[in-house]
Amino acid sequence: MLEDPTFWALVGLIIFFAIMIYLKVPKTVTGGLDKRAERITTELDQARKLREEAQALLAEYQRKAREAESEAEEIIDQATREAEALGAEARARMEEYVASRTKLAEDKIAQAEAQAIQEVKALSADVAIAAAERILTAKAKGATANALVDAAIGDVKGKLH
C-alpha cells in the first residue's frame with residue numbers, strides 16, 4: 001500500500017487540503033468572493049439608480065417636450081386669433097372709410113344740387129323781372145307806369161330771392 005501511487009496521491013491531496021485549511025485559504029477565497037459579490041451588488045445598485053435617474057430624466061424631458069408643444073400650439077392659436085381680429089378691424093376701418101367718403105360725396109352732390117337750384121331760381125327771377133319790365137313798360141307809359149314798374153320789380157325781387 002505504501003508503494004501504491006494512488007495512496008500517495010490521496011495522502012498528498014489530504015496534506016494539500018490540510019495546508020489550505022491551516023493557511024485559511026478557503027476563508028480568504030470566500031472573503032475575496034464575498035468582496036467581489038459586494039462590489040458587484042454595489043455596481044448593480046448604482047446601475048439601477050442610474051437607470052432610474054435616466055428614466056426620470058427621460059420622463060422630465062418628455063413632459064417638457066409636451067409642454068413646449070402645447071405652448072407652441074397656444075402661441076399659434078393666439079397669433080391666429082390676433083390676425084383674424086386685425087383683419088376684421090381692417091375690414092371695419094375700410095368699410096367706415098368708404099362709408100364716410102360716400103357720405104362726403106353725397107353731401108357735396110346735395111350741396112351742388114342746392115346751389116344749382118338756387119342759381120336757376122335767381123336766373124329765373126331775373127328773366128321774369130326783365131320780361132315783366134318790358135311788358136309793363138310797353139303797356140304803361142309815363143310817371144305812373146315807371147312807379148308801378150319799380151314797385152312791381154321790387155315786390156318780385158323780394159319774393160323770389
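Colleague: What separates Glu60 and Arg63 in helix H2, and how do you know?

Modeller: Glu60 and Arg63 stand 3 residues apart in helix H2, so about one helical turn separates them. The model is a predicted one, in which local features need pLDDT of at least 70, side-chain atom pairs count only at pLDDT 80 or more, and totals for chains, interfaces and linings use all residues. Residues are numbered from 1 along each chain as its sequence is written, and side-chain values use heavy atoms, with hydrogens and water left out.

Colleague: What makes Glu60 and Arg63 a salt bridge?

Modeller: The closest N and O atoms of Glu60 and Arg63 are 2.3 Å apart, and a salt bridge asks for a side-chain nitrogen of Lys or Arg within 4 Å of a carboxyl oxygen of Asp or Glu, so the pair qualifies. Arg63 also forms a salt bridge with Glu67, again with 2.3 Å between the closest N and O atoms, and these two residues lie 4 residues apart in helix H2, about one turn of the helix. Together with Lys64, the residues Glu60, Arg63 and Glu67 are linked in a network of salt bridges.

Colleague: Why is Arg63 called partly exposed?

Modeller: Arg63 has a relative accessibility of 33%, which falls between the limits for buried (under 20%) and exposed (over 50%), taken with a 1.4 Å probe and protein chains only, so Arg63 counts as partly exposed. Glu60, at 29%, is partly exposed, and Glu67, at 40%, is partly exposed as well.

Colleague: How do you know that Asp45 and Arg48 form a salt bridge?

Modeller: The side chains of Asp45 and Arg48 meet with 2.8 Å from N to O, which is within the limit of 4 Å, so the name applies. This pair, 3 residues apart in helix H2, is separated by about one helical turn, and the structure holds 6 salt bridges in total.

Colleague: What makes Phe7 and Trp8 an edge-to-face pair?

Modeller: By the ring rule, the count comes to 2 aromatic pairs. In one of them, the ring centres of Phe7 and Trp8 lie 5.4 Å apart and their planes stand at 70 degrees; rings of Phe, Tyr and Trp (its six-membered ring) pair if their centres lie within 6.5 Å, with planes under 30 degrees apart called stacked, over 60 edge-to-face and the rest tilted, so this pair is edge-to-face. Phe16 and Phe17, by contrast, have 5.9 Å from centre to centre and 55 degrees between the planes, and that pair is tilted.

Colleague: Why is Glu69 called exposed?

Modeller: Glu69 has a relative accessibility of 53%, which is over 50%, so Glu69 counts as exposed. Glu69 lies in helix H2, residues 25–139. Ile19, found in helix H1, residues 5–22, has a relative accessible area of 44% and is therefore partly exposed.

Colleague: How do you know how many helices and strands the chain has?

Modeller: Helices are DSSP runs (H or I) of at least four residues and strands are runs (E) of at least two, numbered from the N terminus, and on that basis the chain has 3 helices and 0 strands. From the N terminus on, the elements run α-α-α, and buried residues make up 3% of the 161 residues in the chain.
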